[in-house]
Each structure stands twice: as C-alpha cells, then as structure tokens.
Amino acid sequence: QIDDAVAVYKKLVQDEDADEESVSTLNRLLREQNRPDDIRWLYELRIERASDAQKIELYSEWGALEEQAFNSPEKSIEVYQKLLEIVPQHGAALRAVARMLRATGDAEGAAKALERDRDQREGEERAHREVELARLYAGPLGRSSDALAAAKRALDALPGDPGAVEVIELLLNVPETRAKAAQILEGIYSGLGAPQRQVEVLNVM
C-alpha cells in the first residue's frame, strides 16, 4: 500500500506542473518510511527545476540529511561539493566538507577546505579557523611549523586563546618547534601571572 502511494506521488511530481503540496506530501511520506534512495531521487528532481537560490537551500538541506540521518559522509561531501560549484566560498558547506573529510581520514582535504573558509573570515571567526587548522597541522598532517604559525595567528587575533595555547604546548614536544613554542608560551605565561609555568618554558629555551 505504501509502495503504491509512493508510485502515485512520484508520477505526480514528475509532471512539470506538479504543485508544491504533492512534492511536500511525497517528501514527508518518504521520510516517514525512511527511503533514502527515493529521497535522493526527489532532491535531484527538485534541484533540476530550481533557481540557483533554491538550489543552495536544497543542497544544504540534502547535505545535512546525508550526514545526520543517513550516516553517509561520502554522499554528503558529494552533495556539498555541488553546492560549492554554485557558491565556492559557502562557509557552512566548506566547514561541513572539512568535518566529514577529516572523519573519513582525508586530513589534507579537510585542511584545504578549512583554509578556504579561513581566508574569507576576520577577527574571532578567523582565529577559530586558525586553531582548527593548527590542530590538523600538528596532528594527522605532521606539519609542526605550519601548526605553530596558525596558532600564533590565532593568538594575535585572540590573545590567550585556550585552543591556540593548547596546540603550542603540544608543540613544545616537537624538536622542530620547541624553541619558538617556548618563546611564545613564556610571553603568555608572563602575562597570565603563572611564574611556575614560565620557569618551565624558560628551561626549555
């Protein structure tokens, strides 16, 4: 019975003159019955007929659905990439792509997406992206110098930012960045009135 109803509504919405009520009814029915492939088919149909502004909204909705309801990060990335073809600097899409690329093990791709988003940000938001990038550089990418530079940029915008400080503290353990990290931390600890920690990093220097 449900299959018959779905078939009837699918036929209705394929008509160029299909009303929004039929589309909404089918959409609701497919979600209630948890039919991912049919939902994807309906999104593709709606996007085919949509304006660019409507496509952005539909791709955003679809990408979130793939990630959150269908647990399909690969498909979600694919959907968001289509959105980015329309709006290359769409911040929410870039951040979603970065999040899912990292979750699927593509740290390099995640960093590139975050870099694109960072480059269009200012102030506090930009600093937060720098911290996210610093963590990626310091962790899976093994780019310690880049991590230190990103964390330092975050501190320039947000002095004493805990996330940036945490990354720099980790970089004390890396020979390549130990001296510069200690120098930065010495200044931070001095400003915070933390003499014991200041002494510890002075010993490293």
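These legends accompany close-up views of a predicted model.

**View 1. Helix 6, residues 91–103, from end to end.** Helix 6 has 13 residues. At 1.5 Å a residue, they should span 18 Å. The end C-alpha atoms are 18 Å apart, which agrees with that expectation. Just after the helix comes Gly105, with a positive phi of about 95°.

**View 2. The buried residues of helix 6 and what covers them.** Gly91, Ala93, Leu94 and Ala96 are buried in helix 6.

**View 3. The largest nonpolar core.** This core has 61 residues. Helix 6 gives the most to it, with seven residues. Ile168 and Leu185 have the most contacts inside the core. Leaving aside residues up to four places away in sequence, Leu185 touches Val165, Ile168, Glu169, Leu172 and Val201. In soluble globular proteins, nonpolar side chains tend to be buried together.

**View 4. A salt bridge between Arg99 and Glu67.** The closest N and O atoms of this pair are 2.9 Å apart. Arg99 sits in helix 6 and Glu67 in helix 4. The two residues are 32 residues apart, and their pairing links distant parts of the chain. Arg99 counts as partly exposed, because its relative accessibility is 44%.

**View 5. A salt bridge between Arg135 and Glu166.** Here the closest N and O atoms are 3.8 Å apart. Arg135 lies in helix 8 (residues 123–138) and Glu166 in helix 10 (residues 162–171), so the pair ties together parts that are 31 residues apart in sequence. Both partners are partly exposed: Arg135 has a relative accessible area of 38%, and Glu166 is at 43% relative accessibility.

**View 6. A salt bridge between Asp146 and Arg143.** The side chains meet at 2.8 Å, N to O. Asp146 is partly exposed, at 33% relative accessibility. Arg143 is also partly exposed, with a relative accessible area of 26%.

**View 7. A network of salt bridges.** Six residues are named here: Arg95, Asp117, Arg121, Glu125, Arg129 and Glu132. Salt bridges link them in a network. Across the structure there are 22 salt bridges.

Notes:
Residues numbered from 1 in each chain as written. Predicted model: local features only at pLDDT ≥ 70, side-chain atom pairs only at ≥ 80, totals over all residues. Heavy atoms only, no water. Helix = DSSP H or I, 4+ residues; strand = E, 2+ residues; numbered from the N terminus. Expected span 1.5 Å × (residues − 1). Buried < 20%, exposed > 50% of the residue type's maximum accessible area, 1.4 Å probe, protein only. Contact = heavy atoms within 4.5 Å. Core = buried A, V, L, I, M, F, W, Y, C linked by side-chain atoms within 4.5 Å. Salt bridge = Lys/Arg side-chain N within 4 Å of Asp/Glu carboxyl O.
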